[in-house]
Amino acid sequence: MGNFGQLMDGFAVALTTHHVMIMVMGVLLGLIVGVLPGLGAPNGVSLLLPLTFTMDPISAIILLTSMYWGALFGGSTTSILFNIPGEPSSVATTFDGYPMAKQGQAVRALTLAFTSAGLGALTGVIVITLLSSWVASFAMRFGAAEYFAVYFMAFASFIGMAGGSPFKTLVSMMLGFAAATVGIDTISGESRLTFEFDELIGGISFLIAVIGLFGLGELLLTMEEGLKFEGVKAKLDIRTIARTVAEVPRYWVTLVRSALIGCWMGITPGGPTAASFMSYALGRRFSRRGKYFGKGEPEGIVAPETADHSAGSCALLPMLALGIPGSATAAVMMGGLMIWGLSPGPMLFSTRPDFVWGLIASMYMGNIIAVVLVLATVPLFAFILRAPFTVVGPMITIVCVIGAYTVANHVFDIWLALAFGIVGYVFKKLDYPLAPFVLAMVLGDKAEDAFRQAMLTSDGSPAIFFSNPLVSTMMGLGILLLCLPLITAVFKGGLFGRAGDAGAQGRSA
Amino acid sequence: MPSHALTAFALTLTVALPGAALAEWQPNRPVEFVAAAGPGGGTDTFARVVQSALSKNELLTTPIIVANKAGGSGAETFIYAKSNKGDPYKLYFGTQDAYVLPLANKLSYSLKDLTPVAALVFDPFILWVNPKASGIEDVKGFIAKAKEAPGQIKLGGAKAKEADETLMTLIERSTGTDLTYIPYKSGSEAAIQVAGGHITANVNNPSESVEQWKAGVQKPLCVFESERLADKTVIADGMSWNDVPTCVEAGINVPSFAQPRTVWAAADIPPEALAYYVELMTKAVATPEFKGYEERGAQIPRMLTGDAFKDFIKKHEASYAEMYKANGWLKAAE
C-alpha cells in the first residue's frame, strides 16, 4: 500500500520535537480563539498567518492546522456552557449540551463532546489517508446540480425529523432563507434586501445571528425565569472525566453513523456545519433514544460533535487536491499555501509528497494532542459555571457583544446581534424551532447559487437534477428523507389499523 | 492635569511637530491592509504577498495587519475607506473593482473617497476549456462550436458583471456568437467546473487554472493581451505561457483585457504619507517574494504610480462604463 509507506514518511516529518512543540502551541492558541465567539477559527488562522511567512511550509501548515483543531474543540466549550456556539459548526452541540450543563452535568457534557469529537477527527484523517488519491477525481464529478443535491439532502433530513409543528419549522426556515438573501447576489450582481444600508451590503454574518439567537436570546429567557442558573450545582469531580470517556464506546452506533455523515459532507461541498446538523437530525430520527434529544441526551452531543470534526478533517482534502476550500478556515490556509509558494491542486500530491503526508501525519498527532489538552481544561471551564448568575450573566453579555463586534469590526453588528437576541427570545416563547432558521441561513445562499447555476447550465430544465446516477441517488435519498415522517405515519397507521387517521395527519403535514 | 501644564504640553508639541513633519513621513504604529476579497481570493493573496515582502525584507518595520472586507463584492472595503478619510495607517487592496463597482450598484462611496497609490502588476485573462470533455482544441474549434449551437456553450467566471462577464460579452460581440454566462463565487471554482466537464469554458487569471492545466484537465486557448506572455518555461504538454497565442492571433478580436492589482489609500491623506507609500510599493515590487508571485501567476510586470496611474484609472473606468452601458448594466439614474 503506497499510501501507508508515504504516511510513515510523513510521521518521520511530523514527529520531530520542533513540530510537536508547534502542535501544542497551535492547539492552545486555537482553544483560546475558539472559546471566544466571533473570533473563530478563520479569523484566528488569518491573524496567525503573517507569523508563518518566515517558517518552512511544513511547520507553517502544522501550526495553522493545529490551531484549527484547537478552535474546533474550543467552539464546543461555549456551546455547552453558555449556549453560545464559538464556531458555526458547534451550533448543533448547544441543543443537548446546554441542557445537560444546566442540569449540573457540564463536566460530563464537555468530556463527551471532546472525546467523540476526537474520535470523529481521527476517522476523518483515516479516510483521508486511505482515499486521498480517489477523492480528487470524485470531487471533480460535482457540478452545480450535485452541489444542490447535497444541500437538499441536508434540508430534507431536517424537515423530515422536525418535531413539533411542521408549519413552524417551515416559517423558521423561510425566515432563515430571507436572512441569507441579504447582500449582493452572486448570480445577478444586484444587491438584495439591503435597504441601502451600507452595513448590510456584505450580508448578515451567520455568526452575528447565532450570537444573538442563542447567546443573548437565552440570556433574556434566563433572566425572565428568575435568575436561576442550575450550573451552579455542578459537582467538580475529576473522576467524572475518566468515567465519561469510558462511557463513549457505548454510543458506537451513533459514532459510526455520525462519522460516516461527517466524512461524506466533508468530501462533498456540504462542510462541517451542515454535517453536524444533518447528523443531529438523523440521530434524533434513528436513535432509540431519539425522543430524548433536546433535553440533555448524551447521544445528542455525540452525534453533531463526531460529524463536525470528521467533516472538518475531510474538508482539508478538497482544498489540497483541487484548490477548492471546504470551509472558511481552509480558505485562509489555502491563501497561506500560495504565499509559501505552493500551489494547491491535483499536482500537489506528486510534486510535494513530503508536505502533503507530513500534514496528514500531523493531523493524527494534532488531534490526539488536542483531545488531551482540552480534557485537561474541562475542570477549569466547569468551574466558571459555579460562579453565581449575577457574575456569569454579565460575563456572557460582554462575551456576546465583543464577539459580535469582532466578526467584522462593525458597531452595527452589535445592534444586529441584539435584534437577533430579541428574535431568539420571541421564537423560544412562541415555541418556534431555531435550528431550521440557522440551517437555512448557513446553506440557503449556497443552495440558491447552486440551484440557479444548475438551471442556467440546463437552460431551465429541472431534468438536470436526475441526469446521472450520482445526482439522482442524492436527490432520491433527499426526497425519501423528506417523506420519511409521512411514510412512517402510514406504516404505523397500517400496523395499528388506523390508516385513515394517519393518512389525514400526513396530508396536514 | 492643570491647564498650564496642558498649555506647556501643547507648546512642546507645536515646537516638536514641524520638525517631524518636515522630515519624511514614517508610520509609527501598525498599518492595516484591507483586502477587498475573502481569504484565499486573488486580492487577498495579493495583499498578503505585499505584506510578506515588506516584513521579510524589513521595508516596513511596524506590524502589518491584513483584514478582509469582501462584502458586496468588495464594496465593503471602499466604503470602509470612506469612513476612514485622512487616515494614513490603512491601505486598501483591490483590482479595477474600486471604480467599476459603483457603475452598476448604488453605493455610498465614489472614486473621490479614495487616493490612488499604485497598480503593482497586471493579471492577464485566459480562455480555458477542458479539451477531453468538450472536444475543443483551439479557438477555431471554440467559435465553430459556439456558432453551431447558439447559447449552448456555458462559460463560467467569477461573480456577475465585473471583469469576467464583461469579457464574455466582448468575446460574443467580436465573434458574433451567443454564449451563456454562469457566475461562480471565485475563478478557481469556475475552473474546477470546467475541469470536471460540467461547463464548457471559463475565463480567469493564469494562476487560477495552471494546476488544472498541469493535470491535463484544462487547456489555455488564448490570452487576452496584445502580446504573448513572456515566460518560456514549459508547464504542460510541452507548452509554456509563451506558446499560448494571443486571442487576436487566434481569431477573437479582444486585444487587451488585463486586470490591474491596485493599492489605494483613503482620501485626504497627507501628501508625505502618499509619497512614502508610493516609494514603499516600488520597493515591494522589486523584492524576490513579489517577483516569485508575478512568475507563479504569469502576471505582467507593469507598475503604475502618480499621474500615469490616474490616467489609467480614468481610461479604464470610461471603457468599463461604455461596456456596462452596452450591456445595460449601468445603475438606474437617480
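Select chain B of this predicted model and colour it by burial: of its 334 residues, 49% count as buried. Chain B comprises 13 helices and 13 strands. Viewed along its principal axes, the C-alpha trace of chain B spans about 85 × 50 × 30 Å. A compact globule of 334 residues would have a radius of gyration near 20 Å, and the 22 Å of chain B therefore agrees with that expectation. If contacts are displayed for residues at least 6 apart in sequence, 76% of those in chain B join residues at least 24 apart.

Next, select the open sheet of chain B, in which six strands follow the order β2-β1-β3-β12-β4-β13 with mixed pairing. Its edges are β2 and β13 (304-305) of chain B, each of which pairs on one side only. Now select residues 31-35 of chain B, which form β1; this strand runs parallel to β2(B), and five bridges join the two. Within this pair, V34(B) has A67(B) of β2(B) as its bridge partner.

Finally, display chain A alongside chain B. The contact takes 45 residues from chain B and 41 residues from chain A. On the chain B side, the elements that each supply at least two residues include β2 (64-68), α3 (75-83) and α8 (187-195). Select α2(B) as well: with eight residues, this helix provides the largest share of that side. Coloured by class, the side of chain B that touches chain A shows 15 nonpolar, 18 polar and 12 charged residues.

Technical notes: Residues are numbered from 1 along each chain as its sequence is written. Chains are lettered from A and ligands numbered from 1 in the order in which they are written. This is a predicted model: local features need pLDDT of at least 70, side-chain atom pairs count only at pLDDT 80 or more; totals for chains, interfaces and linings use all residues. Two residues are in contact if their C-beta atoms, placed from the backbone, lie within 7 Å. Helices (H or I, at least four residues) and strands (E, at least two) are DSSP runs, numbered from the N terminus. Ala, Val, Leu, Ile, Met, Phe, Trp, Tyr, Cys and Pro count as nonpolar, Asp, Glu, Lys and Arg as charged, and the others, Gly among them, as polar. The radius of gyration is taken over C-alpha atoms; the globule rule is 2.2 Å times the number of residues to the power 0.38. A residue is buried if 20 or more other C-beta atoms lie within 10 Å of its own, exposed if 12 or fewer, and partly exposed in between; C-beta atoms are placed from the backbone. Two strands pair if DSSP finds at least two bridges between them.
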